[in-house]
Amino acid sequence: MHTLISACLRGVPPEVETIAREEDLPPHAAARAVARGRIVIPANPARPHRLCAIGEGCRVRVNVNVGTSGTRCDEDLEAEKAKAALREGADALMDLSTGGDLVRIRQRILELDAPVGTVPVYEAVRRAGSAADVDADLLFKVIREHCRQGVDFLTLHCGVNRDALASLKADPRTMGVVSRGGAFHVAMMAATGEENPLYAEYDYLLEILSEHDVVVSLGDGMRPGALVDAGRLAKSTEYLTLGHLAKRALAAGVQRMIEGPGHIPADQVGYNVRMIKELTDGAPLYLLGPLVTDVAPGYDHVVGAIGGAIACMNGADFLCMVSPAEHLALPDVRDIVEGTRVAKIAAHVGSLSRAAAHTKNREIRMAEARRALDWEKQFEAALAPEEARRIHERDGEIETCSMCGDLCAVKMVRDILPVPEERMEP
């Protein structure tokens, strides 16, 4: 079948030419990275949109989750949240809706100019009435429908199998299973005594994804949901399974990325990222957080950014925004805006560790603008320019900032010290 991977084995397709220009990569090197599974480009041929490359040599990208719940179902609000995320610089969106007309809500998100992901098992559970009543036929039917509708990447919890469940029982955790998709599959296996159909019929799943050239995001259904569970067995069992599944997906010509690793202490982030990367042969890594403390509700966007920056310095590629409402409520527009801004900061820090020329150049532009006390250029270089402008201008228009005023260190010494001959990279 014609997939992006097969096209990259023959040459440099237009999609790769585009992302190579954006990421300052040699086109043939970018095509080889896609063919080797080191870069993914979520781009369902059924729906044109702005492209986004995720993986080796690329800037760290940011995804933002939106979606209704059974408790709070407002389609207009979710559309507004998605648009706000894109205005703040989100690179991709995920629709995690579980309440209302799921097909119509998804279509509204798909009309936006960005890659879009979903978690099909959520809809399967809503249709069946409960997780225990979901069977393989329904689950694969929903997956096909999402692919046909134009979804670019699917979170599929293929690694939540009977081995992972046995590990969970053998080494119990305080928080059990916190992944909603993971919990659904655990409930399905418990009800039937059978294997997770996404694992048992993985080759069939790959046929569907290959037919539509959709990226599989291998979900971390056994991620720890609390720091006290970070060292338990189930997480590592799933890592090993995802490593095998990642290789099978690539062999079938299906682009794939890996999700992980949940709530873990800061000193374990690097180790976990490197282990996942090794087991999956460098597949792009997509993570929520990781959350490096459990005791900061209301500020989990900051906690996630700390973990995300550390993870990206160790090789993670794709950050999922954590909002201030995490663990507390369905986020509102302000939560999405604040969470996206903070996630973009973490992604920028991670990109700096990859020595990306355009990321470093932004830092140079800011330094030069600050030395010149050029506020307009500072706002242009800022990751959140409107917020920076709002804060600066609240004390009126002055040459310096109101913190130092006429005692500004930069102003006092800029004519005394020579300017280094810094050059922006080409």
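1. Helix H15 (residues 333–352) packs against helix H16 (residues 357–371) at an angle of about 110 degrees, and their axes lie 8 Å apart. That makes the two roughly perpendicular (65 to 115 degrees; under 35 is roughly parallel, over 145 roughly antiparallel and the rest oblique). Axes here are lines fitted to C-alpha atoms, for helices over the stretch in contact, with angles from 0 to 180 degrees between N-to-C directions. Helices (H or I, at least four residues) and strands (E, at least two) are DSSP runs numbered from the N terminus.

2. A word on provenance: this is a predicted model, with local features needing pLDDT of at least 70 and side-chain atom pairs pLDDT 80 or more, while totals for chains, interfaces and linings use all residues. Residues are numbered from 1 along each chain as its sequence is written, and side-chain values use heavy atoms, without hydrogens or water.

3. Back to the helix pair: from H15, His-348, Ser-351 and Leu-352 meet Thr-359, Lys-360, Arg-362 and Glu-363 of H16 (contact means heavy atoms within 4.5 Å). By type, that is one nonpolar, three polar and three charged residues.

4. Have a look at Asp-317, in the loop between helix H14 (300–313) and strand E10 (318–320). Asp-317 is buried, at 2% relative accessible area (buried is under 20%, exposed over 50%, partly exposed in between; 1.4 Å probe, protein chains only). Its side chain makes a polar contact with that of Lys-277 at 2.6 Å, and also reaches the backbone nitrogen of Leu-285 at 2.8 Å. A polar contact is a pair of N or O atoms within 3.5 Å; within protein, one must be able to donate a hydrogen and the other to accept it, and residues adjacent in sequence count only if both atoms are side-chain atoms. Beyond four places in sequence, the contacts of Asp-317 include Arg-59, Arg-61 and Arg-354.

5. In helix H5 (residues 102–110), the buried residues are Leu-102, Ile-105, Arg-106, Ile-109 and Leu-110. They sit on the same side of H5, because their arc around the axis is only 140 degrees (taken from the directions from the helix axis to the C-beta atoms). Among the elements covering them are strand E3 (61–66), helix H4 (75–87) and helix H6 (120–128).

Notes. Nonpolar A, V, L, I, M, F, W, Y, C, P; charged D, E, K, R; others polar.
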